[in-house]
Amino acid sequence: MSTHGFGFELLAEDPDTAARCGRLRTTRGVVETPVFMPVGTQATVKSQSPEEVEATGARLILANTYHLMLRPTAELIAELGGVQRFMAWPHALLTDSGGYQVFSLSGLRKLSDAGVVFRSHLDGQKHELTPERAMQVQGLLGSDIAMVLDECPPGAAPLPEIERALARTSAWAKRCLAVARPEGQACFGIVQGGTQEALRLRHLAELAELPFDGLALGGFSVGEPREDMYRVLSVIGPRMPRDRPRYLMGVGTPVDLLRAIAAGIDMFDCVLPTRNARNGQALTWGGRVNLKQHRHLRDDSPLDARCDCPVCKRYSRAYLRHLTRAGEMLGPRLLTQHNLHFYAALMRAARAAIAERRYAAFALETETRLRELDEVGPAT
């Protein structure tokens with residue numbers, strides 16, 4: 001079943017939860033799981049150099065098919081040696097299929113069983129993205145993991161709409177598998193179904209029979225109540241194929257990750273650590289820190305005494321607040337660097353806890369600390 005050059009090895013499982021740690025093998029190196037993938041939408045993790053991303057411990061990042069096919073185009077990237085060479089990233093990379101943009105840019109597209117026709121958000125030019133084209137683009141980009149094209153219904157979508165999305169996603173998944181891929185490029189299917197447990201399980205059963213290298217859960221964190229997401233994850237996660245990596249797309253907060261790991265999820269991506277950094281927010285072992293708040297005006301302490309990232313070793317909260325309030329570009333750069341270090345450290349700690357068979361206690365203690373000391377509030 002596995003693509004040549006790609007594999008997954010399960011190393012340990014927690015006795016009290018469905019949490020597990022493992023190892024992804026790609027042609028560009030090994031990735032320890034659970035893993036958080038920094039988002040490099042346009043072949044760049046915003047504000048960070050590849051060396052800085054690498055220094056956080058990241059060995060797998062994500063790039064966006066939709067954006068790169070529009071600018072600078074997948075054909076140009078292929079001409080220049082593929083996306084990793086183009087952006088000088090020597091490690092593994094996953095590309096999404098453009099399916100999320102089918103959801104987020106609903107005002108610019110027309111959906112049918114054939115695929116999606118949309119107008120570019122850049123210049124209004126019309127494009128067609130079919131399952132075949134999505135895989136062709138990802139082949140040109142040369143990523144290590146390609147995602148199938150899927151339809152992601154909104155969180156509050158009515159049942160008939162979710163049913164249609166499931167049927168279409170299954171048909172598209174088979175068409176994606178029929179497309180030839182570059183040697184070593186794995187392909188993951190995407191399970192949809194909203195917060196309907198029965199639909200999720202039915203769709204999982206359909207896709208698990210197909211020769212995918214891994215399976216992802218799409219359509220979460222799109223407007224549904226967070227507790228509904230946790231409920232469905234607790235049901236669907238442990239039932240995903242044990243011998244393949246499990247990927248939760250577009251999620252989420254540190255608490256989201258802790259809950260999802262407990263449900264057996266291996267892989268995550270989210271713009272939250274980079275986006276929040278650009279808004280003056282740091283994520284720490286003691287909760288979220290809003291650097292715009294007056295309380296940090298004279299605070300000479302680091303962002304997080306438990307963090308060993310370069311930012312916490314060198315800069316004070318007072319200085320970071322000054323950069324944030326002054327609109328200096330160094331501010332979001334440093335906060336992004338810290339947030340990515342924190343997410344990587346959270347994943348390392350989770351892996352260690354699973355290997356030591358104490359994940360349940362670790363997750364409870366960490367989540368309690370994150371919730372109790374969270375200082376998010378109005379900036380003053």
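Which residue in strand 2 is the bridge partner of Gly7? The legends below describe close-up views of a predicted model, and the first of them gives the reply.

**View 1. Strand 1 and strand 2 are joined as an antiparallel pair.** Arg25 is the bridge partner of Gly7 in strand 2. In total, six bridges join strand 1 to strand 2, which covers residues 20-26. Strands of a sheet pair through backbone hydrogen bonds, and the pairing may be parallel or antiparallel.

**View 2. A salt bridge connects Glu9 and Arg23.** The closest N and O atoms of the two residues are 3.4 Å apart. Glu9 belongs to strand 1 and Arg23 to strand 2, and the pair, 14 residues apart, links distant parts of the chain. Are these two residues buried, partly exposed or exposed? Glu9 has a relative accessibility of 40% and therefore counts as partly exposed. Arg23, with a relative accessible area of 30%, is also partly exposed. Salt bridges that share partners join Glu9, Arg23 and Glu32 into one network.

**View 3. Glu75 and Arg133 meet through their side chains in a salt bridge.** The distance from N to O is 3.3 Å. Glu75 lies in helix 3 (residues 74-79) and Arg133 in helix 6 (residues 131-141); the pair links distant parts of the chain, 58 residues apart. Glu75 is partly exposed, its relative accessible area being 38%.

**View 4. Arg231 forms a salt bridge with Glu197.** Here the closest N and O atoms are 2.8 Å apart. Because Arg231 lies in helix 9 (residues 226-236) and Glu197 in helix 8 (residues 197-208), the pair ties together parts that are 34 residues apart in sequence. Arg231 is partly exposed, with a relative accessible area of 34%. Glu197 is partly exposed as well, at 28%. The structure holds 21 salt bridges, including the one between Arg231 and Glu197.

Key
Residues are numbered from 1 along each chain as its sequence is written. This is a predicted model: local features need pLDDT of at least 70, side-chain atom pairs count only at pLDDT 80 or more; totals for chains, interfaces and linings use all residues. Side-chain values use heavy atoms; hydrogens and water are left out. Two strands pair if DSSP finds at least two bridges between them. Helices (H or I, at least four residues) and strands (E, at least two) are DSSP runs, numbered from the N terminus. A salt bridge is a side-chain nitrogen of Lys or Arg within 4 Å of a carboxyl oxygen of Asp or Glu. Buried means under 20% relative accessible area, exposed over 50%, partly exposed in between (1.4 Å probe, protein chains only).
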